[in-house]
Amino acid sequence: MSALEHYISVGRERLRCGYTTGTCAAAAARGAAELLLTGKLPPVVRIDTPAGVPVEAELLEPASGPDWAACAVRKDGGDDPDATHGTLIFARVERRREPGVTIDGGAGVGRVTRPGLDQPVGAAAINHVPRQMIAGQVAEAMAAAGWDGGLRVVISAPEGERLAERTFNPRLGIVGGISILGTSGIVRPMSEAALIDSLRLEQDMLSAAGARDIVVTPGNYGEAFAREVLGLGLDHWCTCSNYIGEAIDHAAGLGVRSLLLVGHVGKLCKVAAGVMNTHSRVADGRRETLCTHAALCGGDRETVERLYRTITTDEAVAILDEKGLREAVMASLTRALDEQLKRRAGRAMEIEAIFFSNRYGILGQTAGAHRLAALHPIST
């Protein structure tokens with residue numbers, strides 16, 4: 001198996017990255033398209049991932065017929081690999097008369113059965129970025145070979161149905177296999193100890209530079225929202241991934257004066273229930289938390305049951321809107337979040353929070369959040 005030789009420093013560790021099932025699918029599709037259109041299979045294909053990191057993937061198990069060709073790429077999860085590490089992702093490419101590229105899933109690739117996910121109900125669980133990568137690679141192969149017809153691409157994973165039992169797909173309503181995922185094309189290692197170490201180092205550096213008031217976001221969504229929607233200056237900002245409790249503890253220990261937490265409702269509603277490590281493998285509780293606050297705010301049994309069946313917080317907010325409960329439930333959730341954060345931080349440090357949804361914008365903010373936000377103007 002070809003290994004990606006791309007490393008990142010996480011805390012004090014140097015960890016090797018891998019590549020996603022989406023990158024595997026795009027590379028396999030490129031190889032199968034070249035085999036079909038030229039009769040030759042290159043030993044490897046090079047994929048320029050959305051992250052800007054090139055991947056050279058070895059092509060395995062080629063097969064072909066009069067109007068089709070197929071090959072596979074083995075998934076490389078890098079350090080701390082996930083459940084799909086080492087599995088084969090196949091692409092079968094078939095000629096079609098109509099121009100363009102169509103993409104579908106075959107054996108071992110799940111099907112979406114519930115609304116609210118990246119793909120519509122009935123579609124193969126191949127997310128939109130991998131679809132773009134697959135289509136782009138196949139289009140390049142078509143142009144190079146001078147093929148002006150169309151191609152149909154079917155992605156499959158022979159071990160997918162078994163592997164899916166170790167993922168959250170069954171809970172999400174994705175049946176029959178794994179999902180083909182990846183927004184960057186690259187798997188970044190997720191060593192818990194290294195991530196916590198990295199978080200602490202970021203805060204240490206901010207403290208050493210004299211920062212006494214900081215902004216913390218779990219990840220990229222929070223950063224983008226803080227910068228682009230809230231208009232905050234992020235000179236004194238760090239990420240905490242899922243380790244919100246660790247971020248609060250270390251900041252308080254450093255003598256930080258105030259911490260403004262900005263995050264997606266999907267994470268911060270867990271914190272409102274006292275969950276300070278929000279990784280889904282550790283705890284979830286989003287639907288249970290939303291159900292509890294809906295019931296406290298007068299939601300009837302039918303509403304609570306519908307909330308319990310949701311798979312995304314946006315879906316839950318839509319139900320609350322329908323029932324006229326959004327404002328009350330978000331206010332109740334905000335009070336619980338405020339209580340949990342202040343209990344964790346103690347008296348040594350001010351802490352406030354803003355939570356949002358990309359679809360609905362700000363959903364809640366604790367009483368002092370506006371005051372702490374004013375401490376982070378954009379640098380001029």
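Student: Leaving aside its neighbours within four places in sequence, which residues is Ile155 in contact with?

Tutor: Keep in mind that this is a predicted model. Contact here means heavy atoms within 4.5 Å. With close sequence neighbours left out, Ile155 is in contact with Ala25, Ile89, Phe90, Ala91, Asp104, Gly105, Gly106, Val109, Ile126, Ile134 and Ile180.

Student: Which residues have the most contacts inside the largest nonpolar core?

Tutor: In soluble globular proteins, nonpolar side chains tend to be buried together. Here, the largest such core has 46 residues. The ones with the most contacts inside it are Ile134 and Ile155.

Student: And which element gives the largest share of this core?

Tutor: Elements giving two or more residues to the core include strand E8 (88-96), helix H2 (128-145) and helix H1 (21-38). The largest share is 11 residues, and it comes from H1.

Student: Which backbone oxygen does the side chain of Thr23 reach?

Tutor: Away from its close sequence neighbours, Thr23 is in contact with Ile47, Thr49, Val55, Met133 and Gly185. Its side chain comes to 2.8 Å from a backbone oxygen, the one belonging to Gly185.

Student: What about Ile186, is that buried or exposed?

Tutor: You'll find Ile186 in strand E15 (residues 186-187). Beyond four places in sequence, Ile186 touches residues including Leu4, Tyr19 and Val53. Its relative accessibility is 8%, so it counts as buried.

Student: Why do Phe225 and Phe356 count as a stacked pair?

Tutor: A pair of aromatic rings is described by the distance of the centres and the angle of the planes. The ring centres of Phe225 and Phe356 are 3.9 Å apart. Planes under 30 degrees apart count as stacked, and since these two planes meet at 5°, the pair is stacked.

Student: How many residues apart are Phe225 and Phe356?

Tutor: Phe225 sits in helix H6 (residues 220-229), and Phe356 in strand E19 (residues 350-357). Both of these residues are buried. The pair links distant parts of the chain, with a separation of 131 residues.

Student: How far does helix H12 reach from its first C-alpha to its last?

Tutor: H12 (residues 326-345) has 20 residues. At 1.5 Å a residue, the expected span is 28 Å, and the helix comes close to it. From first C-alpha to last, H12 reaches 28 Å.

Student: Which residue just after H12 takes a positive phi?

Tutor: Glycine isn't the whole story, as Glu61, found in strand E6 (residues 60-65), has a positive phi of about 50°. Ser241, in the loop between strand E17 (237-239) and helix H7 (244-254), has one of about 55°. Just after H12, the phi is about 70°, and the residue is Gly346.

Technical notes. Residues are numbered from 1 along each chain as its sequence is written. This is a predicted model: local features need pLDDT of at least 70, side-chain atom pairs count only at pLDDT 80 or more; totals for chains, interfaces and linings use all residues. Side-chain values use heavy atoms; hydrogens and water are left out. Rings of Phe, Tyr and Trp (its six-membered ring) pair if their centres lie within 6.5 Å; planes under 30 degrees apart count as stacked, over 60 as edge-to-face and the rest as tilted. Helices (H or I, at least four residues) and strands (E, at least two) are DSSP runs, numbered from the N terminus. Buried means under 20% relative accessible area, exposed over 50%, partly exposed in between (1.4 Å probe, protein chains only). The expected span of a helix is 1.5 Å times one less than its number of residues. A nonpolar core is a set of buried Ala, Val, Leu, Ile, Met, Phe, Trp, Tyr and Cys residues joined through side-chain atoms within 4.5 Å. A polar contact is a pair of N or O atoms within 3.5 Å; within protein, one must be able to donate a hydrogen and the other to accept it, and residues adjacent in sequence count only if both atoms are side-chain atoms.
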